[in-house]
Amino acid sequence: MNNIDLFTVSDAERERALAHAKFAAAEAAKIPDLPAGLRLRPIHKVAVIGAGTMGGGIAMSLANIGVPVTLIDASAQGLERGLERVKDNYATSVKRGKLAQADMDQRLALITGSLQMVDVKDADMVIEAVFEDMDLKQDIFRQLDALAKPGAILATNTSGLDVDKIAAVTQRPEDVVGAHFFSPAHIMKLLEVVRTTKTAPDVIATLMDLGRRMGKIAVLARIYPGFIGNALFRNYTREAHFLVEDGALPHEVDQVLTKFGYAMGIFAVHDMAGNDVGYQTRKAQMATRPNDRRWNDLIMKLCDLGRLGQKVGKGWYRYEKGNRAAQRDSEVEDFIVQESARMGIKRQAKSEDEILKRCLYGMINEGAKLLEQGIALRPSDIDITYLTGYGFPAHHGGPMYLADRIGLAKVYADIQRFHKQDGFWWQPAPLLEKLVREGKCFADLQTGA
Ligand SMILES: NC(=O)c1ccc[n+]([C@@H]2O[C@H](COP(=O)([O-])OP(=O)(O)OC[C@H]3O[C@@H](n4cnc5c(N)ncnc54)[C@H](O)[C@@H]3O)[C@@H](O)[C@H]2O)c1
């Protein structure tokens, strides 16, 4: 079989990929192990804890479908800022002609601010969106356990903490669930619903349904570091960073990714989001992480040099004042070359083929691991997660769909080659090996249940 050209997609292939996305969105709503005729818990009122970036967006998503929300923050300043941001977001929509002033007023009237945790008492669901800190979240859930009414759903918007550990501090772990919204929460279509070992079936069904009512695609995941989306994303970014350490420059990696169809390359994305996102967490993890494998710490070093991204005019690129266009910067490129030498790496030019395969195949291999462990229910759930939450080019149909199109035997052979060459991170997923041995593809795993 000939190799397919991943940079050129025919009209017919594009159509097939878009049809797959439609199919995947419908499949994601089906949960095979939920009892038939399950009654949903009524959600008439919600409390959101934490009026930050996520809390405000979640409150808007609920107000947009007519659900009253109490937005609770510990700090008066945090609450004020949060409510102000909500108002500004609605006002922008009005200014752009996307929302009537009367609708804005109606929606704003549904969002009430509070500084008291006790105001969760009449909520049918509480969604926690405070800082990403296990101790803090456990403290909040202890309070919720004491204050929320019986039968209230207790959800956390954690990006990756173990939801079982959060549920364990309550007397009602069956009511606890992960509700992983994406930023900005009032716009992004993806909602990862994370079931713990104890989450009750009607809690899962209710949150999936609420996601759909908010106009989102709800995808069910089990607990795993980074759930579905961030687990794959970790592999994508890691390889992009290793490529830069091994010989490519940031713009070379980004050019391949945009040529493949991403709206932005990963280094431009880092600069936009801020290279310091997650800096503290990473720094804390560095002391105890295993040292039998390679880690990519270049981004930390950029932060230490003050190269935080667009907000300071320099990161992986440099930016002219008032202009978001990324410019190559010899200063950072020289630094990267020096760092490779310091790490004892002999830099070698990277082909487009190697850049693309390393960025994509790490995700596909991880996707196979999620499937064999039951973290994701089906390959199409991974695809729709990527299409709706991570900007995967729609005309490629998602990473697992694309893997089938390339041919799993070919993907597996490359993963084995990368494993030989780069070790630990490329251990092939046993499921991938099995599918290849049996001459099957990911689509054969779709249960359709
Ligand atoms: N920002 C993102 O892109 C993103 C995406 C998905 C998930 N998340 C997750 O959402 C959560 C919130 O993230 P964020 O970016 O909105 O944070 P943020 O820093 O913007 O907001 C956190 C808010 O929580 C408030 N808070 C802190 N302690 C509190 C307490 N004890 N009681 C009540 N309020 C308290 C703070 O005052 C602040 O307003 C985190 O778990 C994060 O991992 C964030």
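Me: Let's start in the strands. Which residue in β4 is the bridge partner of Ala-47?
Reply: That's Val-126. Two strands count as paired if DSSP finds at least two bridges between them. Helices (H or I, at least four residues) and strands (E, at least two) are DSSP runs, numbered from the N terminus.

Me: Before we go on, what kind of model is this?
Reply: A predicted model: local features need pLDDT of at least 70, side-chain atom pairs count only at pLDDT 80 or more, and totals for chains, interfaces and linings use all residues. Residues are numbered from 1 along each chain as its sequence is written.

Me: OK, back to β4. Which way do its residues point?
Reply: Met-125 and Ile-127 point one way, Val-126 and Glu-128 point the other way, and all are buried. Buried means 20 or more other C-beta atoms lie within 10 Å of the residue's own (12 or fewer is exposed, in between is partly exposed, and C-beta atoms are placed from the backbone). In a regular strand, side chains alternate between the two faces of the sheet.

Me: Switching topic. Where is there a cis peptide bond?
Reply: Between Ser-183 and Pro-184, with omega about -5 degrees. Pro-184 is in the loop between β6 and β7 (190-195). Most residues other than glycine have a negative phi, and most peptide bonds are trans.

Me: Which residue has a positive phi although it is not a glycine?
Reply: Phe-227, at about 50 degrees. Phe-227 lies in the loop between β8 and α8 (229-246), and counts as buried because it has 26 C-beta neighbours inside 10 Å.

Me: What about Ile-228, buried or exposed?
Reply: Buried, with 28 other C-beta atoms within 10 Å. Ile-228 is found in the loop between β8 and α8. Leaving out residues up to four places away in sequence, Ile-228 touches several residues, including Glu-192, Val-219, Leu-370, Asp-381 and Thr-385. Touching, or contact, means the C-beta atoms, placed from the backbone, lie within 7 Å.

Me: Now helices. Why is α15 described as largely enclosed?
Reply: Because 11 of the 11 residues of α15 (residues 379-389) are buried. Those buried residues pack against α1 (11-28), β7, β8, α8, α14 and α16 (399-406). Just after α15, Gly-391 takes a positive phi of about 65 degrees.

Me: Last one: at roughly what angle do α14 and α18 cross?
Reply: The axes of α14 (residues 352-372) and α18 (residues 430-437) cross at roughly 95 degrees and come within 7 Å. Axes are lines fitted to C-alpha atoms, for helices over the stretch in contact, and angles run from 0 to 180 degrees between N-to-C directions. So α14 and α18 are roughly perpendicular to each other. Angles of 65 to 115 count as roughly perpendicular, under 35 as roughly parallel, over 145 as roughly antiparallel and the rest as oblique.

Me: Which residues meet there?
Reply: Asn-365, Ala-368, Leu-371 and Glu-372 in α14 meet Pro-430, Leu-431 and Leu-432 in α18.

How values were computed:
Contact = placed C-beta atoms within 7 Å.
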